[in-house]
Amino acid sequence: MTSKVKERGAMKKGWGTGGKVKFAFRLYVAGNGPNSTRAVRNFKAVVNEFMPEGCDLEVIDILEDPLRALSDGILVTPTLVRASPSALTIIGNLSDKPRLLMALGFAGKT
Amino acid sequence: MTARSIKQDMSRIKELVKRLADAEAAIESLIAGQADAIIDPHSGALILLQQAQQALQQSEARYHRLLTHLSAVVFELDPAGNILFVNDNIEKLTGHAPRDLLGKNWWDVFLPGKHRPQAEELRRRLRDGDVDHYECYWIRRDGSPIVVELSSANRYHDQTGSLVGIVGFATDVTARKQAEQRLRQAAVVYDATPNAIIITDGERRIRAVNKAYTLITGYAADEVIGRNPGFQGSGRHNHHFYEELWQSVNETGHWQGEIWNHRKNGEVYPAWENISAVRDDKGTIVNYVSVFTDISSIKESEAKLDYLAHHDALTGVANRLLLGTHVDALIPRARRRSRAFALLFLDIDRFKTVNDVYGHEHGDRLLQMVTTRVKSCVRAEDMLARVGGDEFVLVLEDISEPHDVAKMAEKIIEVIAQPFWIEGREILTSMSIGISMYPDDGETGEDLVRAADTAMYSAKIQGRNRYQFSTVELTQRTRAYFSLQSSLRQALAGNQFVVHYQPEVALETGQVVGVEALVRWQHPELGLVMPERFIPIAEEIGLIDAIGEWVLRTACREAASWEEAVPLRIAVNLSRRQIAHNHIFDQVRSILEETGLKPSELELEVTESVLQDRHEGVEALEALSALGVRVAIDDFGTGYSSLAQLKQLPIDTLKIDQSFIRDIPHDPDGEAITAAIIGMAHTLKLRVVAEGVERPEQLEFLKDRGCDDWQGMLFSPPMPAPALRRLLAPATERVGA
């Protein structure tokens with residue numbers, strides 16, 4: 001079940017950034033596994049909080065599409081991959097929020 | 001080492017570092033229990049961690065439930081056809097348990113031996129691609145075949161594209177195939193049957209009719225669809241018939257019977273019809289199906305058979321069977337109405353000789369001619385039946401007297417005795433007849449036939465060409481009747497009639513004031529015969545007028561001869577027939593002239609019925625009354641004369657019917673009627689005479705009520721003229737009786 005979701009609808013111009021920041025993520029999950037479900041929920045909370053203009057999110061179920069995970073070099077699920085603005089891989093169920101925010105560069109904004 | 005190669009190395013090192021970091025993070029998440037699955041970067045295999053495994057197990061359990069509860073068979077084979085998986089339904093369908101099937105070869109199990117070609121065909125199809133809705137058969141564990149539909153059989157491959165297995169989904173369609181087969185058969189039957197079929201909806205609107213329906217009724221399908229089948233009615237049945245019909249269909253689901261319908265051309269025909277109600281699973285009637293056949297031809301042949309079964313082929317008259325039915329029906333009817341009927345057994349004398357001498361063809365022709373002659377003698381309602389070679393039975397209904405039957409028998413004997421002409425030959429024969437009477441000779445048809453048959457034999461013994469009653473007494477009585485009839489013809493010429501006189505006595509004085517003249521027949525052998533016995537015969541043979549005239553003349557002459565001694569009124573009875581004769585006036589007047597009797601001395605007695613309506617006879621009476629002749633009404637009280645009528649008629653005397661007098665003093669009705677008649681007669685200034693007085697109490701009663709005259713045994717029976725003369729001589733000494 002691959003789905004592309006646009007959180008928060010359309011993008012808006014941000015103050016002081018001088019242009020749009022485009023966020024694109026891929027979240028690799030294993031069906032309805034408990035960590036996978038948690039990862040999806042945790043990440044969506046972060047999107048709501050820190051990405052007011054939303055983002056592109058593709059959720060990839062490796063039970064459905066194992067070859068995709070293999071070709072993308074994914075080792076375990078859940079794994080969150082940021083494709084844009086810069087490549088970043090975060091492994092785990094995304095429950096350690098401070099570490100997650102730090103990795104994503106949102107630390108200190110709250 | 002070039003700069004480019006160094007750059008390449010650097011990027012590879014970065015990549016390795018990233019991978020290491022990812023691996024470290026992966027291991028970290030694994031240790032933290034934050035991972036669900038591990039992917040082997042070399043084989044691509046998935047390693048699901050416990051929690052995920054649970055989820056998968058749940059999901060597997062769900063699939064298993066689905067597979068189990070599915071009514072279909074789901075199976076998975078490896079490319080060689082070995083069974084990797086099969087759900088539980090296979091057992092229900094084929095008798096093989098799933099655990100026994102795992103690892104076995106599908107084709108060997110389900111299409112073994114001679115069924116190989118079918119297996120090969122299916123394998124060939126699977127080699128070519130996926131199979132979709134393919135119907136085939138499998139052999140069950142017990143060897144019987146079942147028809148299955150392979151809804152789908154999909155091949156699946158691994159990542160490299162090589163065939164890994166086949167997943168199939170199959171359903172048992174045996175029942176459906178059978179239903180389809182039945183439907184196809186039904187459709188053929190529906191169109192091919194000679195029975196008409198109508199299918200209506202629950203509201204009895206025609207939805208479909210078959211070809212036979214159109215053939216039988218003449219109505220095409222599109223002329224009747226949507227209509228209520230009631231339009232076919234013939235009008236031969238009332239609404240109760242249809243109410244009962246539909247009640248039966250709705251309550252029992254069926255009705256079957258004979259029904260008259262009409263065709264499109266208006267012709268009415270009988271049909272044998274079966275109507276059934278079709279209900280849905282809730283019990284609501286959704287259709288009615290009517291199947292019927294035209295039975296008009298059956299009816300016709302039935303009627304023909306019925307005729308053949310009940311009639312004699314040679315002569316066309318009824319046979320023994322129909323005779324039995326007829327007599328069986330006649331008996332209760334005759335019993336109810338207290339009527340007699342006669343059964344005549346007719347046998348052609350020496351018929352066997354005719355057959356022997358002239359041959360059977362002549363014999364048959366004679367039988368036909370005899371039938372015709374006998375039929376010419378009888379009434380249409382009398383039944384003639386041929387019950388044997390030359391034996392017939394004739395049934396005469398509503399017969400009151402044996403001598404009427406005897407007359408019929410004589411008539412038949414007479415016509416049969418006339419010569420028959422058959423192909424130029426004269427054949428002479430005769431008939432013997434035995435007669436039995438219901439109810440005297442038997443209570444059943446069988447008894448009556450037997451009695452008549454026996455009587456017929458006794459007629460044969462007595463010399464043939466005659467009839468014989470079953471009971472000797474009847475035969476004698478009938479013979480006596482005919483002998484009386486023949487001697488009656490001689491009686492007048494032989495001077496055998498005599499007139500007796502019964503005196504009429506005045507109640508007050510006890511004096512004889514008149515006499516009633518009563519005719520008697522002095523038979524040479526039988527002695528004195530009363531008029532009740534010979535007057536009906538005389539009427540029948542036309543002698544009544546002559547006898548009536550003789551009595552009138554004789555009575556008048558005798559009365560005239562007494563007149564010199566005692567003045568007596570003479571009463572003479574006139575029958576209705578005599579009065580109706582237009583010359584009664586002339587007759588009476590000339591007799592009075594001839595005998596010298598004074599008109600006032602003659603009293604003519606007529607019954608009430610004579611005066612009931614006006615006719616010439618009444619006018620003659622009026623004319624005679626004008627001459628001075630007196631008129632009396634005899635047997636008064638039994639007719640229906642009204643007071644108004646009596647006033648208009650030329651009447652002088654009322655004679656009270658003796659039935660009223662007889663009941664006095666025991667019957668209050670008799671007394672009341674007698675008193676009323678006396679009162680009424682006096683109002684009309686008529687003389688009243690009481691007849692049949694036998695007891696002093698009666699005389700006493702009449703005296704009290706003021707009756708004028710009386711007659712009866714108490715004073716004297718009717719007596720011959722000489723005796724009367726002797727009685728009258730000392731009359732004055734008998735005052736008071």
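By class, how many nonpolar, polar and charged residues are in the lining of the second largest cavity? I will come back to that.

First, the ground rules. This is a predicted model, where local features need pLDDT of at least 70 and side-chain atom pairs count only at pLDDT 80 or more, while totals for chains, interfaces and linings use all residues. Residues are numbered from 1 along each chain as its sequence is written, chains are lettered from A and ligands numbered from 1 in the order written, and side-chain values use heavy atoms, without hydrogens and water.

The structure holds 3 cavities of 30 Å³ or more. A cavity is a set of points, on a 1 Å grid over the protein atoms alone, where a 1.4 Å probe fits but cannot get out; lining residues have an atom within 4 Å of a point. Points are joined across faces, edges and corners, and a volume is the space filled by probe spheres set on them.

The largest cavity has a volume of about 60 Å³. Its lining includes Phe75(B), Trp106(B), Trp107(B) and Trp138(B). Elements giving two or more residues are β3 (73-77), α5 (106-110), α6 (116-128) and β6 (145-157) of chain B. Helices (H or I, at least four residues) and strands (E, at least two) are DSSP runs, numbered from the N terminus. The lining has 10 nonpolar, no polar and no charged residues.

The second largest cavity holds about 40 Å³. Arg333(B), Arg337(B), Glu397(B) and Asp398(B) are among the residues that line it. The largest share, 3 residues, comes from α12(B).

Now the opening question: this lining has 4 nonpolar, no polar and 5 charged residues. Ala, Val, Leu, Ile, Met, Phe, Trp, Tyr, Cys and Pro count as nonpolar, Asp, Glu, Lys and Arg as charged, and the others, Gly among them, as polar.

Terms used:
On a 1 Å grid over the protein atoms alone, a cavity is a set of points where a 1.4 Å probe fits but cannot get out, and a pocket is an open set with protein on both sides within 12 Å along at least five of seven lines; lining residues have an atom within 4 Å of a point.
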